[in-house]
Amino acid sequence: MQASSHIAVVDDHQDIRDLVGKYLGQQGYRISSADSGAALRKILERNALDLIILDIMMPGEDGLSVCRHIRSTTDVPIIFLTAMADDTDRIIGLELGADDYVVKPFNPRELLARVRAVLRRATTLPMQQRDNIKAKVIKFDQWRLDVGRQELTDEDGVVVSLSTVEFRLLKAFLEHPGFVLTRDQLLDLTAGKAAEIFDRSIDHQVSRLRKKIEADPKNPTIIKTHWGGGYSLSTDVVLQ
């Protein structure tokens, strides 16, 4: 996280813009405010933004439309502000490429935590290709992961059961092949937008995953350990 990161707050309600802008400004962030998608585009023309906090429910051009436009031109991280009842919009927003969301009414400290997490991922992880996220099937070593079904099969078509955490962990590795991911980064990528808190360590989850995909879990060749650093996927990945 960079304390000087430039964040745009986009909401048609001035009180929310003022609240969020003042609070994040006190944390050392540079803040620009916009009351519409058009105003945001003017900011983007003049500035390089590190993060956009974007309200979904705005009159005229809503946040989903604004997000779709932004994603056609830039990968700047986006956090949606959404009403409690907007389950469908929230899902669509994530599918459009939003990085996280915060439900109104929200605690500014929760928003700050999510801002820091998104900025940390954006500044320490390599830029993901959109094809990685949208890939329906990912092949690696002798394995085939069906992302939609969350189903892992071996070369003989035998299904290997994965827990939700194991699936997220494997998918995180497959989306960053060859890159050393720290434990904190893996926690961000696996817990991410989920509300649940995993009480088991990343090391334990990696060990469980290795037992399912490695020929010899004690001498792993797919997921390598980097002492003092983290873990990396050390095999070729094919997206379909």
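Which residues does isoleucine 223 touch, not counting residues up to four places away in sequence? The legends below, drawn from a predicted model, begin with this residue.

**View 1. Contacts of isoleucine 223.** Leaving out residues up to four places away in sequence, isoleucine 223 touches Phe173, Val206, Leu209, Arg210, Ile213, Glu214, Tyr231, Ser232 and Leu233.

**View 2. The largest nonpolar core.** This core has 24 residues, of which Phe140, Leu152, Leu170, Phe173, Leu186, Ile213 and Ile223 touch the most other members. At least two residues each come from strand 6 (137-140), strand 7 (143-146), helix 7, helix 9 and strand 11 (230-233). Helix 7 is the greatest contributor to this core, giving 6 residues. Another core, of 20 residues, lies apart from it and includes Leu40, Ile43, Leu54 and Cys67. In soluble globular proteins, nonpolar side chains tend to be buried together.

**View 3. The crossing of helix 7 and helix 9.** The axes of helix 7 (residues 164-174) and helix 9 (residues 202-213) come within 10 Å and cross at roughly 80°. Helix 7 is therefore roughly perpendicular to helix 9. Where the two helices meet, helix 7 presents Val165, Glu166, Leu169, Leu170 and Phe173, while helix 9 presents Gln205, Val206, Arg208, Leu209, Lys212 and Ile213. By class, this contact comprises 7 nonpolar, 1 polar and 3 charged residues.

View 4. Threonine 153 belongs to strand 8 (residues 151-153). This residue counts as buried because its relative accessibility is 10%, and buried means under 20%. Its neighbours within four places in sequence aside, threonine 153 is in contact with Gln142, Trp143, Arg144, Val158 and Val159.

Definitions and conventions
Residues are numbered from 1 along each chain as its sequence is written. This is a predicted model: local features need pLDDT of at least 70, side-chain atom pairs count only at pLDDT 80 or more; totals for chains, interfaces and linings use all residues. Side-chain values use heavy atoms; hydrogens and water are left out. Axes are lines fitted to C-alpha atoms, for helices over the stretch in contact, and angles run from 0 to 180 degrees between N-to-C directions. Helices (H or I, at least four residues) and strands (E, at least two) are DSSP runs, numbered from the N terminus. Angles under 35 degrees count as roughly parallel, over 145 as roughly antiparallel, 65 to 115 as roughly perpendicular and the rest as oblique. Contact means heavy atoms within 4.5 Å. Ala, Val, Leu, Ile, Met, Phe, Trp, Tyr, Cys and Pro count as nonpolar, Asp, Glu, Lys and Arg as charged, and the others, Gly among them, as polar. A nonpolar core is a set of buried Ala, Val, Leu, Ile, Met, Phe, Trp, Tyr and Cys residues joined through side-chain atoms within 4.5 Å. Buried means under 20% relative accessible area, exposed over 50%, partly exposed in between (1.4 Å probe, protein chains only).
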